[in-house]
Amino acid sequence: MSIIIGIDVGGSTTKIVGFTADEPHKKQILSPIFVKASDPVASVYGAFGKFTSSNGIALSDVKKVMITGVGSAFAEDPLYGIETRHLSEFECVGRGGLYVSGYENAIIVSMGTGTAVVSAKDENGRTVSEYMGGTGVGGGTIVGLAKQILGISDIDHLINLAETGDIEKIDLRIGDITKKDLGGLPSYMTASNFGKLDDMASKNDLALGIVNMVFESIGMLAVFAARSKKTRDVVLTGNLSKMPQAVPIFEILSQMFDMNFVIPKNSEFATVIGAALAEFENEI
């Protein structure tokens with residue numbers, strides 16, 4: 001058995017995935033995993049060991065390691081003596097986003113500690129990716145604001161609080177400030193995040209307000225990018241895409257701006273999948 005392994009060394013987690021490479025056109029994905037670690041080198045070796053052990057993979061089975069991410073520079077040497085190739089993260093975001101969504105042309109939004117927006121297109125089996133820009137607003141923003149405002153730093157606790165929050169006690173809506181028709185904009189559209197903060201707002205309301213502000217900010221950045229590329233398809237990837245609040249918030253944005261925001265299966269692993277798949281594009 002021949003395996004291609006992809007590794008994405010992020011700011012707070014390292015993700016790893018494998019593809020069988022015996023028959024490139026019949027490649028199969030092996031269950032992706034992630035590990036948390038503050039040290040990028042330790043997280044790379046920890047993820048590699050956990051992945052190979054859980055999938056029964058011997059070192060001799062691994063043909064090549066494809067590595068990307070902000071912390072990948074710390075893993076300069078060949079991993080366990082295996083040929084290791086370093087890749088541009090934006091290239092991997094685009095390739096992985098198209099693969100997990102099944103689209104041939106889309107805007108791929110990678111929502112991690114910060115956010116990156118990439119335009120990706122499949123051209124005869126090869127992915128052409130263009131970095132459109134990004135923002136420092138992302139998961140780090142959510143965690144930082146939650147710690148300062150709510151006194152919590154556990155993301156799962158924040159998610160649970162937000163599930164029963166009332167955004168009407170936090171955000172100012174267009175309908176709150178005018179009854180006039182503003183070019184067809186819906187009355188429930190946000191005019192100002194935290195612009196109607198109620199003195200009686202609970203922790204649950206504040207938690208939802210934080211999450212909603214981050215997702216709406218990312219969503220609007222994606223809308224502008226999609227319009228510039230004349231596409232409606234926006235693929236959401238990265239850890240934040242798996243937050244339960246993402247689906248309803250981006251559904252509203254889809255309706256308001258005539259966009260097709262999608263969160264596909266394995267969206268949180270899109271970048272590392274894109275890294276592993278680079279080897280197969282080399283064989284075309």
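Guide: Valine 9 stands opposite threonine 14 in β2. The model is a predicted one, in which local features need pLDDT of at least 70 and side-chain atom pairs count only at pLDDT 80 or more, while totals for chains, interfaces and linings use all residues. Residues are numbered from 1 along each chain as its sequence is written, and side-chain values use heavy atoms, leaving out hydrogens and water.

Visitor: What makes β1 and β2 a pair, and in which sense do they run?

Guide: Strands pair if DSSP finds at least two bridges between them. β1 (residues 3–9) and β2 (residues 13–20) have 7 bridges, in the antiparallel sense, and therefore meet that condition. Strands are DSSP runs of E with at least two residues, helices are runs of H or I with at least four, and both are numbered from the N terminus.

Visitor: Why are β3 and β5 called edge strands?

Guide: In the open sheet of 5 strands, the order is β3-β2-β1-β4-β5, with mixed pairing. β3 (29–36) and β5 (84–86) each pair on one side only.

Visitor: Which helix packs on this sheet, and which strands does it touch?

Guide: Helix α1 (residues 40–54) does, touching β1, β2, β3 and β4. Here contact means heavy atoms within 4.5 Å.

Visitor: Why does lysine 64 count as buried?

Guide: Buried means under 20% relative accessible area, exposed over 50%, and partly exposed in between, with a 1.4 Å probe and protein chains only. Lysine 64 has 11% relative accessibility, so the residue counts as buried. Lysine 64 belongs to strand β4 (residues 62–68).

Visitor: What makes a polar contact with the side chain of lysine 64?

Guide: The side chain of glutamate 279 does, at 3.0 Å. A polar contact is a pair of N or O atoms within 3.5 Å; within protein, one must be able to donate a hydrogen and the other to accept it, and residues adjacent in sequence count only if both atoms are side-chain atoms.

Visitor: Which residues touch the most other members of the largest nonpolar core?

Guide: Val109, Phe215, Val234 and Phe261 do, among its 41 residues. Such a core is a set of buried Ala, Val, Leu, Ile, Met, Phe, Trp, Tyr and Cys residues joined through side-chain atoms within 4.5 Å. Its largest share, 12 residues, comes from α6.

Conventions:
Axes fitted to C-alpha atoms, helices over the stretch in contact; angles between N-to-C directions.
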